[in-house]
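Open the model in your viewer and keep the selection tool at hand. The tour goes from one selection to the next.

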Amino acid sequence: MNVITVKTKEEAAKKAVEIIEDVLNRGDLKSFGLATGGTMEPVYKELSKTDLDFSHVTAFNLDEYVGLTAEHPNSYAYYMKEKLFNQKVFENTYIPNGSAEDLKAECNRYEQLLSDHPLDLQLLGVGENGHIAFNEPGTPFTSNTHVTNLTQSTIDANSPYFENKDAVPTKALTMGISSILRARKIILLAFGEKKREALNQLFKGTVTEECPVTILQNHPDVTVITDLNDLS
Ligand SMILES: O=P(O)(O)OC[C@H]1O[C@](O)(CO)[C@@H](O)[C@@H]1O
């Protein structure tokens, strides 16, 4: 695992963009896995400032809340438009449809798209409880795209983005851990004390489904970018 320590989120975003640019310029970025959440905001801000051309790149997002349409301001589809897709043209952009009538069928459709477009690069954040995408503690490492129940920890962490805690959906569609691990290269960003325990587990913990991020110890190409400098 490659670890890059930075002082600020802006510096982290610049480092992430350098890696993305490198993969893109080598012609190795056909399928690009994207994440949401506060962590990714500076990355998309930085990417939007560049003249990088994603018009031959297909984007896949990790997850979406169940019950929110793409027009809902708290949906990840809306987030992606606001933060990146309005600024950068992609060949195609895919996000699980959280308002699909048949959620199981939607998960299967998404997983099929992913196997048709194997991910070259995946951006990842991490939850305070060690979740990656919305794979909460206890999710099998063999999981593909599925419907998940959000834990109270995740609902609490994401509630500042909503009117109140009761407005946070309790379910989501998420790429599975197996879907994520198939990405050729992974960049994980994590900032602030709230992420310390998750990163401690990633660097020093036992690989366990109780802390999903630990599975990245077994991935051959992971770069972690963080402002926590006394960890590894
Ligand atoms: O970046 P944040 O807002 O701390 O969230 C951490 C992770 O949890 C999620 O909210 C769940 O997918 C991701 O969007 C994010 O990568």
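Which residues does leucine 124 touch, not counting residues up to four places away in sequence? Select leucine 124 together with Ala35, Ile132, Ile186, Ile187 and Leu188, which are the residues it touches; contact here means C-beta atoms, placed from the backbone, within 7 Å.

A note before going on. This is a predicted model, in which local features need pLDDT of at least 70, side-chain atom pairs count only at pLDDT 80 or more, and totals for chains, interfaces and linings use all residues. Residues are numbered from 1 along each chain as its sequence is written. The chain has an average pLDDT of 97 (the predictor's confidence in each residue, from 0 to 100).

Next, select Ala16, Val43, Leu124, Ile187, Leu188 and Leu189. In the largest nonpolar core, which has 59 residues, these touch the most other members. Such a core is a set of buried Ala, Val, Leu, Ile, Met, Phe, Trp, Tyr and Cys residues joined through C-beta atoms within 7 Å. Helix H1 supplies the largest share of this core, six residues.

Now select helix H2, residues 41-49 (helices are DSSP runs of H or I, at least four residues, and strands are runs of E, at least two, numbered from the N terminus). Pro42, Val43, Tyr44, Glu46 and Leu47 are buried there, with 20 or more other C-beta atoms within 10 Å of their own. Their cover includes helix H1 (9-25), helix H3 (76-85), strand S6 (121-124) and strand S9 (185-190).

Key:
Buried ≥ 20, exposed ≤ 12 C-beta atoms within 10 Å, placed from the backbone. Contact = placed C-beta atoms within 7 Å.
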